[in-house]
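The following account leads through a protein model, passing from the packing of helices to the pairing of strands and then to individual loop residues. Please keep the sequence and the coordinates at hand while reading.

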Amino acid sequence: MTTEERHRRIGELLRQREHMSVDELMAECGASGATIRRDLDALALRGVLRRVHGGARSLVSRGENPEYGQRALEDHDAKVRIAAGVAALLQDRGHVWLDSGTTATEVARQLRDRDLTVMPMSLQAVNAMTSASPRLRPELLLPGGSLTPGELSFRGPLAESNIRALRFDAAVLTPCAVNLRDGLLAHDLADAAVKRAGLESAARVIAACSEAKWDANAVALVAGLDAVDILVTDKDLGPAERAELARHSVEAVIV
């Protein structure tokens, strides 16, 4: 396994079990003890797990919402495809509002050499877009506000006010959950408020979500499907789902 593959495998295993020893992970990953210990140290710094003597302890075994580092390991290939699908819908020299989260960070990587003006809602996305050549990277507008620990996303009244002071050609939303009854949802009210500010300030709304987000648990309503213009997903939508999206005038892009 490559380092990235081992990290994803360790993340998957600690989604299923509360604790795993170094010896168990060596057997699962086909790697030496020294390699696994380095992996665990790196993943602990990213908030994926808690390092304990002789192994690692899960941070999500009790059903809590996983931290950014854990989510970044999950459904990675799907998120890359979704991000490429979103990037193809954005026209150069446009103004784009970009949500926070791991899918949004993948979108940011797709946009880092594009001629765009982007307001990213997390420092994760900022870092992804500023790793390219300074001559090529987009012009960035930072919203201000408070930073959430771990997520490094912008929140609060100042962020919302600065978003609403501008008008964007497109808003790229990455909801925490989506369903055909409620529409787009977030895990908390502060995130939902920022997402609403973004979509209400844009001429076109693109929602991007992996199959894992469909019918997932989330408590804060962002907006109904009527607010969405295009939905980019890797989910294989059935006829009934496509018909319901069409009823709300939502174009589905399957990647």
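In this predicted model, helix α1, which spans residues 3–16, packs against helix α3, residues 33–45, at an angle of about 70 degrees, and the two axes lie 11 Å apart. Because angles from 65 to 115 degrees count as roughly perpendicular, α1 is roughly perpendicular to α3. The crossing of α1 past α3 is right-handed. On the side of α1 the contact is made by T3, R6, H7 and I10, and on the side of α3 by T35, D39, L40, A42 and L43.

Three strands in the order β1-β3-β2 form an open sheet with antiparallel pairing. From one strand to the next, the twist averages 25 degrees. Strand β3, residues 55–58, is joined to β2 by four bridges in the antiparallel sense, and R51 stands opposite A56 in β3. Helix α2, residues 22–29, packs on this sheet and touches β1 and β3, its direction making about 80 degrees with that of β1. Helix α3 likewise packs on the sheet, where it touches β2 and β3; the direction of α3 makes about 130 degrees with that of β2.

A further set of pairings involves strand β9, residues 170–173. Strands of a sheet pair through backbone hydrogen bonds, either parallel or antiparallel. Strand β4, residues 95–98, runs parallel to β9 and is joined to it by three bridges; the bridge partner of V96 in β9 is A170. Strand β9 also pairs with strand β12, residues 205–209, in the parallel sense and over three bridges, and here V172 has I206 of β12 as its bridge partner. How are the side chains of β9 directed, and are they buried or exposed? In a regular strand the side chains alternate between the two faces of the sheet. In β9, A170 and V172 point one way, whereas A171 and L173 point the other way, and all are buried.

The loop between β12 and β13 (220–223) contains S210. Since buried means under 20% relative accessible area, S210 counts as buried at 2% relative accessibility. Leaving aside residues up to four places away in sequence, S210 touches D75, I82, T233 and D234.

D215 lies in the loop between β12 and β13 as well. D215 is exposed, with a relative accessible area of 57%. Most residues other than glycine have a negative phi. D215, although not a glycine, has a positive phi of about 60 degrees. A positive phi is also found at R93, which is a residue other than glycine and has a value near 70 degrees. R93 is placed in the loop between α5 (76–88) and β4, and with a relative accessible area of 64% R93 is exposed.

Notes:
Residues are numbered from 1 along each chain as its sequence is written. Side-chain values use heavy atoms; hydrogens and water are left out. Axes are lines fitted to C-alpha atoms, for helices over the stretch in contact, and angles run from 0 to 180 degrees between N-to-C directions. Helices (H or I, at least four residues) and strands (E, at least two) are DSSP runs, numbered from the N terminus. Angles under 35 degrees count as roughly parallel, over 145 as roughly antiparallel, 65 to 115 as roughly perpendicular and the rest as oblique. A crossing is left-handed if the near helix is turned anticlockwise from the far one by less than a right angle, and right-handed if clockwise. Contact means heavy atoms within 4.5 Å. Buried means under 20% relative accessible area, exposed over 50%, partly exposed in between (1.4 Å probe, protein chains only). Two strands pair if DSSP finds at least two bridges between them.
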